[in-house]
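Take a look at the sequence and the 3D structure below. Then read on with both in view.

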Amino acid sequence: MSLTIYDISQKAGVSIATISRVLNGSPKVKESTKKKVMDIIEEYGYTPNSSARAMGLKSMKTIGILCADSSDIFLAKAVYYLEQNLQSNGYESLLCCTGYNLDAKKNYVDLILSKKVDGLILVGSNFIGTTEDENQYVIDSSEKVPVMILNASFRHDNVYSILCDDMNSMYRATTSMLGSGIEDILYLYNSLSYSGRKKLDGFRMAMQGHHSPNYEELICQVPEECSSMNAIVAYIEDFARSHTFHGIIASDDILGVAAVKYATSNNISIPDELSVIGYNNSILTECCTPTLTSIDNQLEIQTRSLVKTLIGVLNGREMPQKTVFSGALIKRNTTKF
């Protein structure tokens, strides 16, 4: 009988990473756990060895990738980078687009795990909720395979987080706009995911530190029904009828481009009368006139680090459970500072 490393982890009730550590003689595995794993291996007629391959434990060489929406520019680019890095390391991938419903996410995780993948990658901060119940499926998954989270942080054994420091990145961008003399800044966001909350915290921290009065009145969550560019522009126009602002900071580039379109449609000069900053430094930044200043969240570097961490875990090495990168403000023509 030929067992996979997944089969052994299932029978032992421990993660694949733990199996790898046992096989590689890691001193960080409890003796009771080592005994449980080795007993199962011996039960199926294998002789312990330092190599999983030599013992007949075969990796499926496949990683499960889950993202909420493959039409999202950020998520699509992340999936592309991940697949390229996995392939260069000899791994194939299975992709599921889950949507944003919690039950759907759980169902797709179960489906991916049923394919006996070696690891699981959750792409996007929407996979991490705010309550224990919302995150239980992540914990359950980590008991079976290593779980990698891109763009969010979650602390648990066999869960590894790779992300941009969205809070400080947004703080620095806001501080730059404040430093140019613009204090009445409209903050546009459309999500309170893990990343969305961090960005909003960074904006608030900068405004509070600057002692800007009434800044909360200029924090706006764009309604979910504003799904088109024209709808977002109309929303900004409606808001502008009762509020004054000379700067707009957006939580993603789509909102940033909508802000540019709002200005050009209303004969507002950019950046002389209105400065705009987006987030993600996506291809959209070069697709509007003037080109959009944006925060680069180092996505390509994040994905490369994630795959490196995952491969290390699968090879039984101790890897950092959290890796954080700093974003960079890429200045273009929508700002003059």
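## The model and its confidence

This is a predicted model: local features need pLDDT of at least 70, side-chain atom pairs count only at pLDDT 80 or more, and totals for chains, interfaces and linings use all residues. Residues are numbered from 1 along each chain as its sequence is written, and side-chain values use heavy atoms, with hydrogens and water left out.

The chain has a mean pLDDT (the predictor's confidence in each residue, from 0 to 100) of 92, and 95% of its residues reach 70 or more. Over residues 47-56 the pLDDT is below 50. Where pLDDT is low, the predicted coordinates should not be read in detail.

## The sheet

Helices (H or I, at least four residues) and strands (E, at least two) are DSSP runs, numbered from the N terminus. Two strands pair if DSSP finds at least two bridges between them. Here 6 strands form an open sheet, in the order E7-E6-E8-E9-E10-E12, with mixed pairing. Strands E7 (219-221) and E12 (328-330) are the edges, each pairing on one side only.

Strands E8 (residues 247-250) and E9 (residues 275-279) run parallel, joined by 3 bridges. Gly247 stands opposite Ser275 in E9.

## Helix H11

H11 is mostly covered: 12 of its 16 residues are buried (under 20% relative accessible area, 1.4 Å probe, protein chains only; exposed is over 50%, partly exposed in between). Among them are Leu299, Leu306 and Leu314. Just after H11, Gly316 takes a positive phi of about 80 degrees.

Key:
Contact = heavy atoms within 4.5 Å.
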